[in-house]
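Load the model in a viewer and keep the selection panel open.

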Amino acid sequence: MFALVTAGEAEWLGWHGDGSGAMYPHPVGRVACALDPFAGTTRVFSVAGDWQPPRLVDACPPGDVHRYGDLREIGGPRLFAFLPIGGQSWRAGDRSLDLYLRLASPPRHMARVTATARSIETGVTLPLTVSRMGASPVTTPVRNLYVTLSNVGFPAAGCWIVSLRVAGEAAASTLLPVSGPA
């Protein structure tokens, strides 16, 4: 789930909880818009006037770079993408691009895994090809599933949500920074 919250007050359309219609005068207060990347839905709701985010975060790249088994990764909490060697982002237009992901909560054995990427800016959704899946290549304290997505070819720079579905059900997603063509 990703959300944007207004810094100050805004006038917004609100509806009565009993479904009897729009509120008038329109409520004034802080507003949030949340995006559910799995369902592709958004929801607008009010936010307490004194609410503060837990910390300032730049959404793209999505958080800190962590090390896991000698590999650098971003994302979380359930899906992580291993950064390209020598880089902090992926390049748009590279049809030979493979993404290497770590799913922290592996699905049951032999479950079908599918993947998509969705641009935050444009809403364009791409089906992705799962070319390889396997267990951890390094000794780890927990069991993980490693997924390789082949020939990704992001068509444009920006922030992309990569989502995995297991047996048709939403499993995990991560936000990836994609830079312009080389």
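Which side chains meet in a salt bridge? Select Arg102 and Glu73: their side chains form that salt bridge, with an N to O distance of 2.6 Å. A salt bridge here is a side-chain nitrogen of Lys or Arg within 4 Å of a carboxyl oxygen of Asp or Glu. By this rule the count is 1 salt bridge. Arg102 belongs to strand E9 and Glu73 to strand E6, so the pair ties together parts that are 29 residues apart in sequence.

Before moving on, note the ground rules. The model is predicted: local features need pLDDT of at least 70, side-chain atom pairs count only at pLDDT 80 or more, and totals for chains, interfaces and linings use all residues. Residues are numbered from 1 along each chain as its sequence is written, and side-chain values use heavy atoms, with hydrogens and water left out.

**The charged pair**

Stay on Glu73, in strand E6 (residues 71–75). Strands are DSSP runs of E with at least two residues, helices are runs of H or I with at least four, and both are numbered from the N terminus. Is Glu73 buried or exposed? Glu73 is buried, at a relative accessible area of 2%. Arg102 is buried as well, at 6%. The cut-offs are under 20% relative accessible area for buried, over 50% for exposed, and partly exposed in between (1.4 Å probe, protein chains only).

**Colour by confidence**

Next, colour by pLDDT, the predictor's confidence in each residue from 0 to 100. The mean for the protein is 75, and 66% of its residues reach 70 or more. Confidence is lowest in strand E5 (residues 66–68), with a mean of 65, and highest in E10, at 91.

Select E10 and E11, which run antiparallel and are joined by 4 bridges. Two strands pair if DSSP finds at least two bridges between them. Arg118 has Thr125 in E11 as its bridge partner. The hairpin of E10 and E11 has 5 residues between the strands, and Gly123 there takes a positive phi near 80°. For Thr129, the bridge partner in E12 is Ser150.

**The core**

Now show the largest nonpolar core, which has 29 residues; Trp90, Leu149, Phe154 and Val162 touch the most other members. Strands E7, E9, E10, E11, E12, E13 and E14 each give two or more residues to this core. Such a core is a set of buried Ala, Val, Leu, Ile, Met, Phe, Trp, Tyr and Cys residues joined through side-chain atoms within 4.5 Å. Centre on Val162. Not counting residues up to four places away in sequence, Val162 touches residues including Leu79, Leu101, Leu128, Leu149, Phe154 and Leu176. Contact means heavy atoms within 4.5 Å.

**Two loops**

Finish with backbone angles. Most residues other than glycine have a negative phi. Where is Asn151 found? Asn151 is in the loop between E12 and E13, and its phi is positive, near 50°. Asn151 is partly exposed, with a relative accessible area of 45%. Then select Ala167, in the loop between E13 and E14. Phi of Ala167 is also positive, near 55°, and Ala167 is partly exposed at 39% relative accessible area.
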